[in-house]
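Trainee: Could you walk me through this structure with a few questions and answers? I would like to start with charges over rings.

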Amino acid sequence: MKMNETELETMKSAILAETGAVDYRPVTMSIMAKTMNISKKQQAIFKEALASLIEEGRMRQDKQGRMRIRGSVGLVSGILRKISSGAAFVIPSNRDGQAAQGDIYISARDVRDAQTGDEVMVRLSAKRRSNGQRCGTIEKIVERATSIFVGTYFESAGQGFVRIDGTAFNSPVHVGDPGAKGAQPDDKVVIEMLRFPTESRSGQAVLTEVLGKRGDPGVDTLTVIHSMGLPHEFGPDVLAEARRQADTFSDQVPSDRTDLTGELIVTIDPVDARDFDDAISLTRSEDGHWHLGVHIADVAHFVPEDGLLDREARKRGTSVYLPRHVIPMLPELISNGLASLQQDQVRYTKTAFIEFDAAGSVVGSDVVNSAIRVARRFAYEEVMPIIGNPRQQAAGVTAPIRHLLANMYELAMILRKRRFEQGALQMGIPEVEIDFDRNGAVIGAHERHHDESHEIIEEFMLAANIAVARMLDARRVPFLRRIHGDPDVLKMNNFQQFCQGLGLSLQKPQSRHELQSLIKGLAGKPEERAVNYALLRSMRQAEYSPEETGHYALAEEEYCHFTSPIRRYPDLTIHRLVDQLARRGGVRAPDANMLFELGRHCSFTERRAERAERELIRIKMLRYMSSRIGEEMDAFITGVESFGMFCQGIQIPAEGMLHLSALSDDFYVFDPTTRTLTGSRTRREFRLGDPIRVVVAAVDIDRRQLELRLSEKQATVKRSRSEKSRRPEFDRDDQGRSKGKRRKDNSSSAGSKFSRQSGKTSRPKKDRRKKKR
């Protein structure tokens with residue numbers, strides 16, 4: 001096809017407009033063509049325009065084949081992270097070109113009024129720090145992370161002020177005349193920033209809400225909810241819509257659903273769970289094939305697309321599991337009632353049928369809209385005693401149910417073995433569950449229960465997620481995938497050097513099989529914790545996106561989340577596509593732009609929920625440690641930086657900072673490759689994952705800081721050989737649905753942290769030497 005110059009320039013302009021948009025995310029040429037609705041007739045000129053832009057240096061194609069626009073000379077976009085000195089670091093959005101040399105340092109005078117989390121544009125300068133790090137100045141604030149903050153109210157000189165929680169703001173913020181909203185000194189309050197502070201100018205805000213007296217029961221939870229911007233109350237219109245949906249439900253099985261109410265179906269969940277979103281059936285045919293049914297609550301039936309409930313669920317993105325408090329994605333009338341797969345109740349489901357041969361290979365799969373009736377609800381703790389003692393009688397457990405559980409265990413172990421043989425990774429550390437009293441105060445901790453009963457459900461949920469993703473991919477339908485990119489080559493090379501420093505051999509750090517062998521070989525050994533921590537830090541985070549990136553840790557090309565629509569919005573979008581498959585009609589392809597935006601939003605809400613859980617646990621752990629100043633505890637090193645070490649307690653998983661200035665016996669040099677601090681004179685080493693004995697030195701709850709110092713005894717802590725790897729930190733839910741189910745007791749092993757950029761090295765003058773960074 002002959003193309004003229006005008007058509008070519010028009011197409012180039014359209015491509016530059018697409019890739020230059022604020023919300024553009026680098027994609028491959030084929031996905032870009034779909035996004036821009038390029039017709040078959042336009043394909044030739046589209047490819048020619050891209051080639052011309054690349055040749056002109058205005059665009060480039062990265063190693064993954066994604067198209068990227070080249071930025072303005074000297075300008076780099078990224079996310080800002082402030083430190084306690086008032087200076088900041090900008091983490092570039094793309095590690096390419098000018099940003100390839102790592103984070104950019106911004107001095108306090110050049111930060112302007114940018115705050116942690118803001119998206120900014122940085123103009124690079126010729127100046128470099130002593131360690132070679134690039135420097136820059138904030139040119140523009142592209143988008144504020146938030147203007148809502150929580151802090152402690154006080155009065156001075158007849159005016160009201162708020163000391164904002166955390167370390168982002170060094171000075172109090174003025175909120176006007178005293179007593180606004182009835183605030184009293186030492187109250188926790190919510191403010192909206194009107195003028196952000198700078199190095200030379202104080203901040204100004206308006207007080208919008210009083211949460212209560214600092215430290216009172218429930219105030220910590222409200223503090224986290226408001227500071228994280230979590231939607232936590234449903235409006236009356238949303239609740240009314242939930243009731244309307246409830247009124248339309250009937251336990252009579254509709255003619256357009258497959259009636260499975262006569263099948264033997266069970267659920268396995270935590271003992272205190274209320275929202276049961278998955279159930280299992282399993283039979284075996286005479287040819288030795290397994291026929292698995294994974295039945296998932298049909299939330300889409302009650303939540304019509306673009307309705308009030310849907311818009312609210314999309315905004316929330318996920319349920320949030322806080323200690324002793326759950327913020328559901330959907331009103332409880334649906335999440336804990338009509339959609340929940342309760343025992344002996346008719347419930348609507350989306351069912352994925354998967355047929356396996358005797359060796360666990362998938363023979364075929366299908367999806368149907370169905371109705372089920374759960375015959376028996378089990379808690380995880382009940383399952384393995386029944387499987388291990390099949391002749392032992394248990395109340396309400398009939399012989400067919402015992403036989404079903406035994407078959408479930410047999411198939412799950414076959415699938416698990418096969419999955420790891422194909423290269424799937426499992427890494428992590430033992431999880432500790434925190435114990436609370438009636439008022440929500442920490443009183444202790446214990447290792448979280450995890451046995452083969454969890455693995456049964458994990459394997460079946462994985463199988464269903466993979467089966468559904470493959471069905472959608474086979475029909476070339478764009479959908480919201482759960483992706484986990486290959487690890488960064490540089491980080492994995494650093495991990496290789498870290499292992500070599502421990503005397504371990506790792507020839508191909510990108511090889512899943514070699515990594516798997518390394519992890520397995522270290523089980524129960526002293527190096528196990530250190531290697532697991534280092535490997536987790538080398539992995540990318542999993543996210544939601546329509547990009548066909550695959551899932552590195554699972555060793556799967558197609559993967560999505562289908563099994564938890566009660567608590568995750570991405571699963572709900574998959575259910576709507578599955579509904580179309582089940583009706584045997586055509587599948588309406590979602591808009592590509594919408595999917596990218598939705599993927600970013602759901603990834604953000606997922607991480608926000610995780611941060612909120614960690615933050616509340618951090619506050620509660622700090623309250624617990626505040627009464628233990630001077631006490632010693634056994635810990636292990638969870639992070640090593642140039643300014644010190646982060647250490648987490650073993651019995652109580654509180655995490656704090658042991659500052660470099662507290663190591664007064666020697667001058668310690670930081671090696672960023674092996675994450676090690678080494679004494680110049682004594683050659684004493686502190687390495688990621690090492691055991692350590694520390695003393696609680698100081699606690700600042702409002703600043704979220706726990707300061708530690710080294711115990712004079714510094715006894716070596718022996719590790720138990722019974723410690724097992726648990727769920728992977730890169731994506732806790734991708735080894736099954738454990739995140740939601742195991743968190744319904746609303747606890748977590750996360751400890752008390754504060755910003756890893758917040759340390760500032762302070763050394764005696766005689767030790768002011770250059771340090772290796």
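Mentor: Arg482 lies over the face of Tyr544, 4.4 Å from the ring centre. Such a charge needs NZ of Lys or CZ of Arg within 6 Å of the ring centre and within 35 degrees of the ring normal. This is a predicted model, where local features need pLDDT of at least 70, side-chain atom pairs count only at pLDDT 80 or more, and totals for chains, interfaces and linings use all residues. Residues are numbered from 1 along each chain as its sequence is written, and side-chain values use heavy atoms, with hydrogens and water left out.

Trainee: Over the ring of which residue does the charged end of Arg163 sit?

Mentor: Here the charged end of Arg163 is 4.5 Å from the ring centre. The ring under Arg163 belongs to Phe154.

Trainee: How many aromatic pairs does the structure hold?

Mentor: Rings of Phe, Tyr and Trp (its six-membered ring) pair if their centres lie within 6.5 Å; planes under 30 degrees apart are stacked, over 60 edge-to-face, and the rest tilted. By that rule, the number of aromatic pairs is nine.

Trainee: What is the angle between the planes of Phe149 and Phe169?

Mentor: Their centres are 5.1 Å apart and the pair is edge-to-face. Phe149 lies in strand E9 (residues 148-156) and Phe169 in the loop between strand E10 (159-164) and strand E11 (173-176), so the pair ties together parts 20 residues apart in sequence. Both Phe149 and Phe169 are buried, meaning under 20% relative accessible area, with exposed over 50% and partly exposed in between (1.4 Å probe, protein chains only). The angle between the planes is 80°.

Trainee: Is Cys560 buried or exposed?

Mentor: Its relative accessible area is 0%. That makes Cys560 buried.

Trainee: Which strands stand at the edges of the open sheet of three strands?

Mentor: Strands are DSSP runs (E, at least two residues), numbered from the N terminus, and two of them pair if DSSP finds at least two bridges between them. The order is E30-E31-E32, with antiparallel pairing. Each edge strand has a single partner, so one side is left without a neighbour in the sheet: these are E30 (668-671) and E32 (685-687).

Key:
Helices (H or I, at least four residues) and strands (E, at least two) are DSSP runs, numbered from the N terminus.
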